[in-house]
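I opened this entry to keep track of what I looked up in the coordinates, and in what order.

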Amino acid sequence: MRTALVIGCGLIGTSVALALSARGVRVHLEDRDPDQRRTAAALGAGTEEAPDGPVELALVAVPPTVLAATVAESQRRGVARGYLDVGSVKAGPARELVALGGDPRGYLGTHPMAGRERSGPLAASADLFEGRPWVLTPTADTETEVLNLGLELAALCRAVPVLMDAAAHDRAVALVSHTPQLVSSLVAARLAPADEAAVRLCGQGIRDVTRIAASDPRMWIEILSANPGPVADVLAEVAADLERTVGALRALESADEAKRADGAAGIEAVLRRGNAGRARVPGKHGAAPASYETVVVSISDRPGELARIFADAGRAGVNVEDVRIEHATGQRSGLVQLMVEPAAAPVLAAALRERGWGVRG
Ligand SMILES: NC(=O)c1ccc[n+]([C@@H]2O[C@H](COP(=O)([O-])OP(=O)(O)OC[C@H]3O[C@@H](n4cnc5c(N)ncnc54)[C@H](O)[C@@H]3O)[C@@H](O)[C@H]2O)c1
Ligand SMILES: O=C(O)C(=O)C[C@]1(C(=O)O)C=C[C@@H](O)C=C1
């Protein structure tokens with residue numbers, strides 16, 4: 001693959017664009033929000049220039065409710081040879097595309113099983129998909145050339161392609177992604193009205209269970225609205241388990257020894273079933289985890305500072321793989337941590353110093 005157009009420069013679109021650009025693909029960026037597009041370009045994800053003619057791959061990475069319409073519209077514009085999306089639900093958008101007059105032969109529904117609880121290009125990273133499953137849902141209509149684009153895309157992002165039927169995919173993600181999101185939110189929701197004295201004690205356990213409760217509700221309402229039945233089926237099973245678990249805990253409070261023994265057996269069964277389920281969660285396959293070096297730069301709290309720092313990094317030929325920002329309390333300044341390949345760290349630090357940035361260390 002030599003050329004691609006990424007439509008939607010948020011977390012997923014920018015991560016794909018960074019990975020493709022790093023492998024030498026010329027990536028064009030499009031977003032209805034010019035700030036997102038500009039930030040993605042400044043991170044080194046590709047060019048804001050429109051392509052001269054049709055590219056090989058158009059990758060649509062917009063929110064679920066506008067996916068099918070965006071694919072249909074880009075097909076009408078004839079921007080690419082093949083059209084792929086990365087939406088978290090697959091059966092509905094494929095049907096919607098046909099209803100909107102799109103061409104199912106030139107389209108392949110895909111879903112990389114990787115993401116974060118943060119949205120937008122600043123949360124993106126080139127290695128997001130490494131070793132992760134990337135679901136491809138070809139149908140009898142899908143042209144071989146378009147399926148091959150999906151396989152090549154997964155390979156370029158160092159992901160593991162998995163071919164599935166769209167409806168089977170939607171049932172599977174109800175179990176491994178959509179219900180866990182709701183359960184995490186439900187556990188975290190108990191903390192909102194809790195006493196500060198209790199919340200102060202939060203340790204690693206609750207951090208692990210509630211990380212994804214920080215996700216963007218707007219995105220998740222769209223995902224869950226596109227897959228309500230399968231998610232309700234799994235959640236109903238969780239609810240039945242919860243009811244039995246509450247019963248077992250109440251039995252543990254009983255003065256009757258036999259009831260207490262039943263309660264303990266019930267709780268042990270839940271914990272052992274949990275061990276068995278957890279043991280089935282596969283590790284991250286393939287590539288070794290990326291290790292980056294961090295260049296820390298102080299910035300003032302003025303509009304455009306971040307875009308300027310990314311542009312300077314780009315001019316130095318350095319790809320910023322990840323970024324974190326710490327705001328100094330009570331001051332109009334902050335620290336930006338730029339994560340880069342180890343060999344690029346001294347290059348970046350020197351280039352930024354030369355351009356007048358306050359680089360730490
Ligand atoms: N976040 C995850 O963990 C994750 C993982 C895998 C797949 N997905 C899927 O990827 C897609 C994108 O998710 P994200 O997390 O990158 O979201 P995001 O909010 O970070 O980015 C979405 C981007 O699309 C742009 N956009 C919205 N409507 C548009 C339109 N009509 N035309 C052009 N651009 C438009 C927005 O401005 C934004 O930049 C979703 O369909 C989601 O289901 C998300
Ligand atoms: O790791 C996270 O933060 C995610 O939420 C990623 C996750 C998931 O559930 O695994 C979320 C939704 C996507 O459709 C794919 C991946």
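This is a predicted model: local features need pLDDT of at least 70, side-chain atom pairs count only at pLDDT 80 or more; totals for chains, interfaces and linings use all residues.

I traced an open sheet of seven strands with mixed pairing, and I wrote down its order as S2-S1-S3-S4-S5-S6-S7. Its edges are strand S2 (26-30) and strand S7 (160-163), each of which pairs on one side only. Direction ignored, I found that neighbouring strands of this sheet are turned by 25° against each other on average.

**Entry on S3 and its neighbours.** I then turned to strand S3 (residues 55-60), where five of the six residues are buried, so that I noted the strand as mostly covered. Strand S1 (residues 3-7) runs parallel to S3 and is joined to it by four bridges, with Ile 7 standing opposite Val 60 of S3. Strand S4 (residues 80-85) also pairs with S3 in the parallel sense, here over five bridges, and Val 55 has Ala 80 in S4 as its bridge partner.

Which strand pairs with S7, and over how many bridges? I found strand S6 (residues 133-137) there, pairing with S7 in the parallel sense over four bridges, and I noted Leu 163 in S7 as the bridge partner of Leu 136.

**Entry on a helix pair.** Helix H2 (residues 34-42) packs with helix H12 (residues 305-315) at an angle of about 35°, and their axes are 8 Å apart. From H2 the contact takes Arg 38, Thr 39 and Ala 42, while H12 brings Ala 307, Phe 310, Ala 311 and Gly 314. By class I logged four nonpolar, two polar and one charged residues in this contact.

**Entry on ligand 1.** I listed 29 residues surrounding ligand 1, of which the closest are Gly 8, Gly 10, Ser 88, Gly 115 and Ser 119. Helix H1 (11-22), helix H3 (67-77), strand S5 (107-112) and helix H9 (217-225) each supply at least two residues of this shell, and H1 gives the most, with three. The shell divides into 14 nonpolar, 11 polar and four charged residues.

**Entry on ligand 2.** Around ligand 2 I found Ser 88, Met 113, Ala 114, Gly 115, Arg 116, Glu 117, Ser 177 and Ile 212. I classed three residues of this shell as nonpolar, three as polar and two as charged.

How values were computed: Residues are numbered from 1 along each chain as its sequence is written. Chains are lettered from A and ligands numbered from 1 in the order in which they are written. A residue is near a molecule or strand if its C-beta atom, placed from the backbone, lies within 6 Å of it. Ala, Val, Leu, Ile, Met, Phe, Trp, Tyr, Cys and Pro count as nonpolar, Asp, Glu, Lys and Arg as charged, and the others, Gly among them, as polar. Axes are lines fitted to C-alpha atoms, for helices over the stretch in contact, and angles run from 0 to 180 degrees between N-to-C directions. Two residues are in contact if their C-beta atoms, placed from the backbone, lie within 7 Å. Two strands pair if DSSP finds at least two bridges between them. A residue is buried if 20 or more other C-beta atoms lie within 10 Å of its own, exposed if 12 or fewer, and partly exposed in between; C-beta atoms are placed from the backbone.
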